[in-house]
Amino acid sequence: MTADIWRYIFDAVEAPIFLHDQNYRLLLVNRAYCEEADMAEADVLGKFYWEVFPLGTGPLPGCKEMAEFGHDGVHDEFLVGTKHFLSTGYVVRGENNELRYSLHLLSDITQRKESEAKIKWFAFYDSLTELPNRRLFSDRLQQAMSSSKRTGYYGAVMYLDLDNFKPLNDTHGHGMGDMLLIEVANRLKKCVRETDTVARIGGDEFVVMLAALDVDRVESEVQASNVAEKIRISLAEPYLLGSTHDGQADAIVEHHCSASVGVVLFFNNECGQDEVLRRADVAMYKAKEAGRNRVLFYRSGD
Ligand SMILES: Nc1nc2c(ncn2[C@@H]2O[C@H](COP(=O)(O)OP(=O)(O)OP(=O)(O)O)[C@@H](O)[C@H]2O)c(=O)[nH]1
């Protein structure tokens, strides 16, 4: 086959390809490479490959290793703007088996990376409210409990269940119920600091963790109680719920709702996280029994 035909094939490959010498200077690039780099071939050749694409300050770690040890099929992942690429490198040897060039094929793996990120997100977040889910909450609680053991600070977990949420769904439909849940999530986030965690762990059940309150138990309880009250008051404010269809605003519904809140302090990893959650849940049920729209702390013996 003539060189022309090889060049034709080289340029027909959709993946960007480049070949560089032992000093990482570009010797050969295909059309896809120039398109990705947005440069003409003549302007590219002779440059260090990272001066053109991928943009960086030196050879990729895998490429360096490849040049040093002559490994084949080395992979490097890198990001250019919003695009993720996978570079697969091959060693090109001379007649005496000496290392002469490195050949790299770049694959655009942006879609795969985005899908992986999405799958990861769905594993740890609630898609309706975008709050952490039970699994992520458990991780954060475990970390906070371990940290409490080191620092001697108390933390608190609140278990919240909306009062009489079901009638909203029954009267105005599930969509309206969803809107309320989203608004509840927003109000909860506004009541706590960024370092605290708000999660949705069931239909109308939420949990809040205040990670490091104080080294003193009484002071910690006061702080947790203040935040819980702030949350209770915020959630009891009227909700204006409505939606738009084809640019037209549907009827706005004013809805009144409240939450029952159970609170438990945790300290020094003294009981497991399941037990901490169970205690907060017990306190929440006591708050429901006591008439709803209230905050109750778990007391030993409950
Ligand atoms: N709209 C909506 N509703 C949900 C979702 N998940 C669960 N639910 C509903 O939430 C309701 C929760 O039930 P309960 O907590 O027993 O009902 P409640 O009326 O709040 O009763 P109390 O907690 O005793 O005050 C059920 O009707 C579920 O169908 C969701 O993602 N969206």
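Start by selecting strands E6 (155–163) and E13 (258–266), which pair in the antiparallel sense over nine bridges. Helices (H or I, at least four residues) and strands (E, at least two) are DSSP runs, numbered from the N terminus, and two strands pair if DSSP finds at least two bridges between them. Before you go on, note that this is a predicted model, where local features need pLDDT of at least 70, side-chain atom pairs count only at pLDDT 80 or more, and totals for chains, interfaces and linings use all residues. Residues are numbered from 1 along each chain as its sequence is written, and side-chain values use heavy atoms, with hydrogens and water left out.

**Stop 1**

Click on tyrosine 159, and you will find its bridge partner in E13, glycine 262. Is E6 enclosed or open? Nine of its nine residues are buried, so E6 is largely enclosed by the rest of the structure. Buried means under 20% relative accessible area, exposed over 50%, and partly exposed in between (1.4 Å probe, protein chains only).

**Stop 2: aspartate 163**

Stay in strand E6 and select aspartate 163. This residue is buried, with a relative accessible area of 3%. Its side chain makes a polar contact with the side chain of serine 258 at 2.7 Å, and also reaches the backbone nitrogen of alanine 259 at 3.3 Å. A polar contact is a pair of N or O atoms within 3.5 Å; within protein, one must be able to donate a hydrogen and the other to accept it, and residues adjacent in sequence count only if both atoms are side-chain atoms. Leaving aside neighbours within four places in sequence, aspartate 163 is in contact (heavy atoms within 4.5 Å) with residues including Cys257, Lys288, Arg292 and Asn293.

**Stop 3: the ligand**

Next, show the ligand. Which residues come nearest? Of the 17 residues around the ligand, they are Asn164, Asn169, Asp178, Arg200 and Arg292; a residue counts as near if one of its heavy atoms lies within 4 Å. Zoom in on arginine 200, where a polar side-chain atom lies 2.8 Å from an oxygen atom of the ligand. In the side chain of lysine 288, an N or O atom is 2.8 Å from a ligand oxygen. For histidine 174, look at the backbone: a polar atom there is 3.1 Å from a nitrogen atom of the ligand.

**Stop 4: helix H10**

Select residues 217–236, the 20 residues of helix H10; at 1.5 Å a residue they should span 28 Å, and the end C-alpha atoms are 28 Å apart, which agrees. The expected span is 1.5 Å times one less than the number of residues. Colour the buried residues of H10: Ser220, Ala224, Val227, Ala228, Ile231, Arg232, Ser234 and Leu235. They cover an arc of only 165° around the axis, which puts them on the same side of H10; the arc is that of the directions from the helix axis to the C-beta atoms. At the N-terminal end, aspartate 216 caps H10, with a side-chain oxygen 3.4 Å from the backbone nitrogen of valine 218.

**Stop 5: a hairpin and an exposed residue**

Move to strands E3 (residues 74–80) and E4 (residues 83–93), which pair in the antiparallel sense over seven bridges. They form a hairpin with two residues between them, and glycine 81 in the turn has a positive phi of about 65°. Finish at phenylalanine 69 in helix H5 (residues 61–69), which is exposed, with a relative accessible area of 54%.
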